[in-house]
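Please keep the sequence and the 3D view at hand while reading.

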Amino acid sequence: METETTGRSIEKRFQCDICNRFYATPITLKVHRSQHTADKKELCDFCGASFKTRGQLKIHRRVHTGEKPYKCDKCGKTFAYRESLITHSTTHTNDKPFVCVVCSAKFSCIGNLLKHRKVRPDKCGAESVPIKRIGPRLTKKRMLNKQYNTLYTMARHLERAHEVQQHLTREKLQYARNTTLKECKYRCKYCDQPYVNAACLAKHLPKHGQDGRLIHRCPCCDRYFATEAEQTKHTVEQHRERVECTLCQKLFTKPDCLQRHVRYAHKTKRRSKYICSKCGKSFPSVTSLSDHERANCGTEPIYQCARCEKHYASYSSLKMHQTVHDNVLPYVCGCCGKAFRTKGQLKVHERAHTGERPFECEICSRSFPYRESLMTHRTIHTGLTRHECTECFRKFSCYGNLKKHRQIHHSVGDKVQKRQEGKSSDEQDGVA
């Protein structure tokens with residue numbers, strides 16, 4: 001069992017059964033064990049390299065983009081990795097926490113200590129000699145300028161660490177320059193890919209050919225092609241296993257589209273990692289759980305639209321709502337040309353052309369193109385009516401019948417209390 005000195009003693013009681021390393025909490029042990037068992041599903045869109053986590057991929061991409069998000073507040077020097085900045089900061093503070101227990105030489109990072117032991121194998125490099133750390137561990141908290149990749153994560157930090165209300169913080173940050181990342185000044189004139197220095201951009205430009213005609217990049221490797229047809233042919237021939245579903249043989253344009261397809265079309269319902277301690281509802285991420293808890297289990301929406309003052313329980317719901325004001329319809333149906341706000345809405349609409357009926361009744365096996373249609377059909381078997389009129393309390397099997405009833409008997413238009421009926425719009429079924 002290991003202990004670590006960081007101003008107070010931290011006992012590491014949880015041991016990995018694969019490599020026997022110790023960790024302080026079950027959560028950190030669980031994260032560590034995933035490194036042994038997880039598949040490399042995160043793919044680099046530059047070179048095709050694969051990684052186990054999205055965080056590892058994010059760090060790797062800095063090799064291609066030249067991004068250096070960590071800046072020293074003393075001398076202004078920037079670094080690609082947080083550990084590099086921590087090690088560099090010791091040049092200003094003279095902190096050398098790693099010491100050789102044989103010759104008492106001190107080092108700013110464990111890498112320099114290991115090099116020291118390697119060049120002196122007979123004396124300091126013996127396997128029985130332990131690695132000793134003196135003084136407190138250098139962590140990100142000791143850096144004055146804490147850095148974030150988005151305004152949203154910065155606002156969450158200010159709320160948690162400094163008790164600044166998030167909706168007020170976000171309003172101020174909308175007009176403030178984001179200084180957390182170095183501003184991109186170099187951009188490819190052919191594919192608009194951003195780079196942070198001229199050297200990385202110069203290395204990238206020849207990939208488009210002498211005349212810049214090669215603009216279609218393979219999603220699995222770093223090759224470019226003149227036409228989309230050539231790129232698709234190359235991807236299918238050279239990387240078929242990364243874009244074809246092995247279960248239904250369906251082809252996809254990108255590996256991440258295949259992963260999304262397998263996740264939702266072939267896998268059973270996954271067990272969510274994050275569960276609310278109050279109501280027991282599960283969430284796919286700690287961010288969505290945090291929003292749910294701060295909104296008092298969704299009953300007190302915390303995100304307000306600056307244009308119409310409507311409130312929403314999650315940041316993603318607010319972002320989706322804001323597209324209504326922007327009136328942007330980027331998703332166009334290839335059959336009839338009708339435009340939609342989200343890919344899910346387009347997917348649901350396309351069923352009118354394809355005849356797809358993905359929702360099947362488990363009692364009589366009748367299938368339907370929309371989830372709402374299936375839920376309405378189930379009332380035939382169960383006798384339960386989900387939609388109730390708030391004026392006369394009469395119940396109906398579907399929202400359409402309730403709407404007609406209110407128009408005829410209560411002179412009420414389209415503004416029905418839809419939230420109380422539980423979001424019956426078919427277009428929300430696009431994620432299914």
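Asp 222 and Lys 207 are joined in a salt bridge, with their closest N and O atoms 2.2 Å apart; the term stands for a side-chain nitrogen of Lys or Arg within 4 Å of a carboxyl oxygen of Asp or Glu. The pair links distant parts of the chain, 15 residues apart, since Asp 222 sits in the loop between strand S14 (216-217) and strand S15 (224-225), while Lys 207 sits in the loop between helix H7 (198-204) and S14. Helices (H or I, at least four residues) and strands (E, at least two) are DSSP runs, numbered from the N terminus.

This is a predicted model, in which local features need pLDDT of at least 70 and side-chain atom pairs count only at pLDDT 80 or more, whereas totals for chains, interfaces and linings use all residues. Residues are numbered from 1 along each chain as its sequence is written, and side-chain values use heavy atoms, with hydrogens and water left out.

Asp 222 is partly exposed, with a relative accessible area of 23%, and Lys 207 is partly exposed at 30% relative accessibility. Here buried means under 20% relative accessible area, exposed over 50%, and partly exposed in between (1.4 Å probe, protein chains only).

## Other salt bridges

Across the whole structure, a search finds seven salt bridges. Among them is the one that Arg 82 forms with Glu 83, where the closest N and O atoms are 4.0 Å apart; Arg 82 is partly exposed with a relative accessible area of 29%, and Glu 83 counts as partly exposed at 48%. Another joins the side chains of Arg 240 and Glu 244, at 3.2 Å from N to O, and Arg 240 is partly exposed, with a relative accessible area of 35%.

## A buried arginine without a salt bridge

Arg 351 belongs to helix H13 (residues 343-354). This residue is buried yet has no salt bridge, and the nearest side chain of opposite charge, that of Glu 356, is 4.2 Å away; for charge, Lys and Arg count as positive and Asp and Glu as negative, while His and the chain ends are not counted.

Which backbone oxygen lies 2.6 Å from a polar atom of the side chain of Arg 351? The backbone oxygen in question is that of Pro 369.

## Cysteines without disulfides

The structure holds zero disulfides, a disulfide being a pair of cysteine sulfur atoms within 2.5 Å. The sulfur of Cys 19 has its closest cysteine sulfur in Cys 16, at 3.8 Å, which is too far for a bond. Cys 364 is likewise in no disulfide, and the nearest cysteine sulfur, that of Cys 361, is 3.7 Å away.

Cys 19 counts as partly exposed at 31% relative accessibility, and Cys 364 is partly exposed with a relative accessible area of 36%.

## One side of helix H10

Helix H10 (residues 255-266) has twelve residues and reaches 16 Å from its first C-alpha to its last, close to the 16 Å expected at 1.5 Å a residue; the expected span is 1.5 Å times one less than the number of residues. In H10, Pro 255, Leu 258 and His 261 are buried. They cover an arc of only 115° around the axis, which puts them on the same side of H10, the arc being that of the directions from the helix axis to the C-beta atoms. An α-helix has 3.6 residues a turn, so residues three or four places apart point the same way.

## Loops and positive phi angles

Asn 327 is in the loop between H12 and strand S20 (331-332), where its phi is near 55°, a positive value in a residue other than glycine; Asn 327 is exposed, with a relative accessible area of 54%. Ser 365 lies in the loop between strand S22 (359-360) and strand S23 (367-368), and its phi, near 65°, is also a positive value in a residue other than glycine. Ser 365 counts as partly exposed at 47% relative accessibility.

Thr 385, in the loop between helix H14 (371-382) and strand S24 (387-388), is twelve residues from Ser 397 in sequence and 4.6 Å from it in space, C-alpha to C-alpha.

Key. Polar contact = N/O pair within 3.5 Å; in protein donor to acceptor, adjacent residues only side chain to side chain.
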